[in-house]
Amino acid sequence: MSLPKIIQSSLGLGVLLLSTSSAFAAPAPIPPAATVCTSCHMPTGMGLPNMAPMIAGKNADYLTHQIDLFIAGERNDPLMTPMASLIADPQKKAEAINYFASLSAPEIKNPEHRGDHVIITDPARKLVYQGDWNRNIPACSTCHGASGIGVQDFPRLANQHPDYLEEQLKAWKSKTRSGDHNDVMGSIARQLTDTEISQLSHYFATVK
């Protein structure tokens, strides 16, 4: 075999080995405090339908605030309330939250912004991008961002489990969940019908 062909073959083998090793690279180690959360939220932070929401890539300040609400008893859940108490120590809480905040959520390649379309016929998309000012409902994307990908303290809704979204909207509506500034989410949810809540939950869960 000629020298150029040997070099070419060696380079090809090197690229193959590099790509193979990258594909099977060990995941980042899970901090001890975060292992409390992984049985429900999974090591990937993607959660489980009908059990735990996706928290991968969520804003760290938002996650901290929610944990603090559970610890203080201002949010209640038979699973989360006792689990939150296990990471009440500030160092453990920061360790767990920073781990999940660092994880990647599904990529939205072409996020839709408020104002991208003038005419929207789908009722869920209309609420997401135009709202309903006759009922004082602002567009969901005003706070939650393009395609619901989240903006700072306003959490990501895109790709969240639909059962969780529906459950939380109904909790805001029935006043069994609180903790948002000036009851913004509560006042909005109380204007939504149960059908609209279901439609919105399905819309955000299937955003691509």
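**Exercise 1. Find which residues of helix α3 meet which residues of helix α5, and describe how the two helices cross.**

Step 1. Look for contacts, meaning heavy atoms within 4.5 Å. On the α3 side you will find A60, L63, T64, I67 and D68, and they meet K93, I97, N98 and A101 of α5.

Step 2. Sort these residues by class. The contact of α3 with α5 has five nonpolar, two polar and two charged residues. Here Ala, Val, Leu, Ile, Met, Phe, Trp, Tyr, Cys and Pro count as nonpolar, Asp, Glu, Lys and Arg as charged, and the others, Gly among them, as polar.

Step 3. Now turn to the axes, which are lines fitted to C-alpha atoms over the stretch in contact, with angles from 0 to 180 degrees between N-to-C directions. The axes of α3 (residues 60-72) and α5 (residues 90-102) come within 9 Å and cross at roughly 135 degrees. That makes α3 oblique to α5. Angles under 35 degrees count as roughly parallel, over 145 as roughly antiparallel, 65 to 115 as roughly perpendicular and the rest as oblique.

A note before you go on: this is a predicted model, where local features need pLDDT of at least 70, side-chain atom pairs count only at pLDDT 80 or more, and totals for chains, interfaces and linings use all residues. Residues are numbered from 1 along each chain as its sequence is written, and side-chain values use heavy atoms, leaving out hydrogens and water.

**Exercise 2. State how many helices and strands the chain has.**

Step 1. Helices (H or I, at least four residues) and strands (E, at least two) are DSSP runs, numbered from the N terminus.

Step 2. The count gives 10 helices and zero strands.

**Exercise 3. Describe the largest nonpolar core and the surroundings of L192.**

Step 1. A nonpolar core is a set of buried Ala, Val, Leu, Ile, Met, Phe, Trp, Tyr and Cys residues joined through side-chain atoms within 4.5 Å. Buried means under 20% relative accessible area, exposed over 50%, partly exposed in between (1.4 Å probe, protein chains only).

Step 2. The largest core has 19 residues, and V128, L192, L200, Y203, F204 and V207 have the most contacts inside it. Two or more residues come from each of α6 (123-129), α8 (162-174) and α10 (194-205).

Step 3. Leaving aside neighbours within four places in sequence, L192 is in contact with L127, R135, I137, L169, K173, I197 and L200.

**Exercise 4. Place L103 in the chain and list what it touches.**

Step 1. L103 lies in the loop between α5 and α6.

Step 2. Not counting residues up to four places away in sequence, L103 touches P43, T44, G45, A56 and G57.
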